[in-house]
Every structure is written in C-alpha cells, then in structure tokens.
Amino acid sequence: MPDTLHTVTLRHDWTKAEIAALFDLPFMELVYQAASVHRQSFDPSEVQLSQLLSVKTGGCAENCGYCSQSAHFDTGLKASKLMPVDEVLAAAQAAKDGGAQRFCMGAAWRELKDRDVPALTEMVSGVKALGLETCMTLGMLRPEQAVALKEAGLDYYNHNLDTSPEYYDSVVTTRSYAERLDTLQAVADAGMKTCCGGILGLGESREDRVSFLHQLATLPHHPDSLPINNLVAVSGTPLGERAQKEGGISGLEFVRTVAVARIVCPKSMVRLSAGRTEMSEELQALCFMAGANSIFVGDQLLTTPNPERGTDAHLMRELGLRPMTMT
Ligand code: SAM
Ligand code: DTB
Ligand code: SF4
C-alpha cells in the first residue's frame, strides 16, 4: 500500500530527490497516484483540444538540435514570410469548425521584432473574435511586447524549457536557460497564462527528466499548460538523426514522465503534444490514464504531421473521452 496519496496542494518546493522517488515507484503505483491526483482537479473524461498553425515557417536563427526550422540545418524545409492576417483567420475558423478550442500560432523566430507586433496583435484579436482561445509562440519577448500581446487579447504564450539545465547545452547553444526563464517571467508579469514544457527522447537521461520537471515544479507559477512532446525525429537535425539511429525514449518511460508531471504540477493542463503519430492507441490511453488531458488536433503540428481528425475522433470514442468544456 502507498503510504502517501498526493492530495492536491500546489507545492513549489519539490526536491529533485522527491521527484526521482516518484519516477522510481512501481509503474502501476505511479500511474495510480497520478490518476488520483488528476481526478482531484479535473474530469478525467475531458480532453482540451488545441490546434497549431505555423504563421512564419523556417529560417530560424537558433540552433535547437531537434528543429526542422533552424537555419543551421539542412532539413529540406522551405522558409516563408509571416502569413497575411486574413489567411491566419481563415485557418482559425477552419480549426474552430473542426472542434478546436484553442488556436496556437507559432513563428520560427529567435525573438519577436517590434515591426511584426501590429500584424500579430491583429491576428490575436481576430482569432479571439471567432470565439477561440488564443496562444502564440514567437521566441523571446521583452516585457513591453508581452504587455502589447496581452492587451490584444492573447490568452497563452508558449515558451518551452525543453530539457534540464544540465542537458541544455547539448540541445541548443544560441540561447541560455536563463533567457528562457526571463521570457516566461515577462509573460506571467503581463498577466498571460503560461504554456511551458519540453521534449523527451533527445538523448537525455532519467536524471535530466527529473531535473527538467524539477524546474517546472519549482517555478513561481506552475505552467498553466504543460506540453510534453515526444521527439519527432526530423532528418537533417542532429538530435533527430541520432534518434533515428539509437531510438528515442521508451513508451513506458514516456508515460512515467507524464505521470510525474501530473503529480508535481497537479493543476496544469498536461498536453500530450508532438509525437502522437508514432504512438499506438494503447500508449496514448496510458498517457491519459497518467493524467494527460490536452492534445493538439488537426493533421499538422507546425511542420510535421499529427493524427488525422478521424483517427483522433476514433481514439476519443474508444476511450470515452470528450472535448473539455471551455471555461
Ligand atoms: N521559436 C519558438 C520557440 O522555440 O520558442 C516557437 C516555436 S518552437 C517550434 C516550439 C516548440 O516546439 C519547441 O520549444 C519544442 O519544444 C517543440 N518542437 C520543435 N520541434 C520539435 C520536434 N521535432 N519534436 C518535438 N517537439 C518539437
Ligand atoms: C509545443 O510544446 N509543441 C508544439 C507547440 N508547443 C508550439 C510544437 C510541436 C512542433 C513539432 C514539430 C513541428 O511540427 O515542426
Ligand atoms: Fe527556432 Fe523555435 Fe525551432 Fe528553436 S525550436 S530553431 S527557436 S523555431
């Protein structure tokens, strides 16, 4: 019998030893504890549905070793300019008609440039007027830019820590962990909700996964959305090529990480993000059991495929899951 069943008190003082001990629990026990925590704050039959659109693709100055959009690697991706506002709004309407609740616009930028702010704020107010929640991920923000986006109606800003501070330099060297944390702080200070998570299967160790979740769990404000991506192994990227040769993270270790994320950030929406096309229905079911309660829908993420709507509709029917009612 477990001697502690975690009750939902938000803690920001998790230690690495406590988080490592959660990972070390017998698998069934860990999933049971995570499912219990999940049920204290959420209806476990409800899944939040977000849809992505790449509003500015490729040619990015950063060298994130997993990314199809970095200008440092030859991935065969064609770079394009910022999309016109009307095209973005048409895509948002189509996402809404397909059942999405939140529309997430991503740009392959190191940081937001002031000259692009007017077009972006127009996108935000237009998408919001369609009755969708809005999210953007545009790279680093300065505090006044975060305020401008918030004033336009932006609900969420995505900015991932991606991995542990210790493994970070093996993933990206063109920016620092501290810079990521500064942008997250600017987003929270502007009154926006934060979306912050990472990628598994980058070649990181269990210790790195512990340290990554420790970072999230000890943030002054837990991420409102916590995306857990499984690496999509893109040819031409160093980490994608390595995963193609050596394999990524095991399914069960992926589920364990989702479960620990659910326990240490009990009120966050834990999103089973990139990588679902490679996952069986059974593996995704285990992730939902372990507390994941959000997914991306639509057949495209930013530049890589996502399950077709019909495939996801089947999965949700099989599992008795339904779209979360918007708050
Ligand atoms: N340029 C902005 C940034 O990095 O913050 C926003 C876009 S970036 C593509 C958003 C996130 O997508 C990354 O932080 C990473 O976690 C995730 N991502 C990118 N490529 C991925 C891949 N191949 N597999 C899994 N996740 C990926
Ligand atoms: C997040 O954590 N995952 C999304 C979103 N935030 C922006 C992006 C996944 C991208 C997967 C690779 C691609 O499609 O380019
Ligand atoms: Fe650029 Fe974001 Fe890709 Fe990094 S993850 S290369 S910052 S688009």
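Helices (H or I, at least four residues) and strands (E, at least two) are DSSP runs, numbered from the N terminus. With that in hand, we can start with S225, which sits in strand β7 (residues 225-230).

Before going on, a word on where this comes from: this is a predicted model, where local features need pLDDT of at least 70, side-chain atom pairs count only at pLDDT 80 or more, and totals for chains, interfaces and linings use all residues. Residues are numbered from 1 along each chain as its sequence is written, chains are lettered from A and ligands numbered from 1 in the order in which they are written, and side-chain values use heavy atoms, with hydrogens and water left out.

Is S225 buried or exposed? At 1% relative accessibility, S225 counts as buried. Here, buried means under 20% relative accessible area, exposed means over 50%, and partly exposed is in between (1.4 Å probe, protein chains only). Leaving aside residues up to four places away in sequence, S225 touches R102, Y156, T194, C195, C196, M269 and R271. Contact means heavy atoms within 4.5 Å. For a sense of distance, the C-alpha atoms of S225 and V147 are 20 Å apart, and these two residues are 78 residues apart along the chain.

Now hop over to the loop between β4 and α6, where you'll find L161. L161 has a relative accessible area of 0%, so it is buried. Which residues does L161 touch, not counting residues up to four places away in sequence? They are Y168, Y177, R180, L181, L184, C196, G197, Q215 and L216. Between the C-alpha atoms of L161 and S268 there are 16 Å, with 107 residues separating the two along the chain.

D162 is in the loop between β4 and α6 too. It isn't a glycine, yet D162 has a positive phi of about 70°. D162 is buried as well, with a relative accessible area of 4%.

The C-alpha atoms of E151 and G191 are separated by 9.6 Å, and the two residues are 40 residues apart along the chain.

## Helix α6

Helix α6 covers residues 177-189, which is 13 residues. From its first C-alpha to its last, α6 reaches 18 Å, close to the 18 Å expected at 1.5 Å a residue. The expected span is 1.5 Å times one less than the number of residues in the helix.

Which residues of α6 are buried? Y177, R180, T183, L184, A186 and V187 are. A handy rule when you look at a list like that: an α-helix has 3.6 residues a turn, so residues three or four places apart point the same way. What do the buried residues of α6 pack against? Their partners are α5 (143-152), β4 (156-158), β5 (193-195) and α7 (206-217). After α6 comes G191, with a positive phi near 90°.

## Helices side by side

Two packed helices are described by the angle between their axes and the distance between the axes. Axes are lines fitted to C-alpha atoms, for helices over the stretch in contact, and angles run from 0 to 180 degrees between N-to-C directions.

| Helix pair | Angle | Axis distance |
|---|---|---|
| α3 (residues 85-97) and α4 (residues 117-129) | about 30° | 10 Å |
| α9 (residues 251-264) and α10 (residues 281-289) | about 20° | 8 Å |
| α1 (residues 16-24) and α9 | roughly 135° | within 9 Å |

The angle makes α1 oblique to α9, while α9 is roughly parallel to α10 and α3 is roughly parallel to α4. Angles under 35 degrees count as roughly parallel, over 145 as roughly antiparallel, 65 to 115 as roughly perpendicular and the rest as oblique.

Who meets whom? In α3, V85, V88, L89 and A92 meet A119, E122, M123, G126 and V127 of α4. By class, that contact of α3 with α4 has 7 nonpolar, 1 polar and 1 charged residues. Ala, Val, Leu, Ile, Met, Phe, Trp, Tyr, Cys and Pro count as nonpolar, Asp, Glu, Lys and Arg as charged, and the others, Gly among them, as polar.

On α9, residues G251, L252, F254, V255 and V258 meet L283, L286 and C287 of α10. This contact of α9 with α10 has 7 nonpolar, 1 polar and no charged residues.
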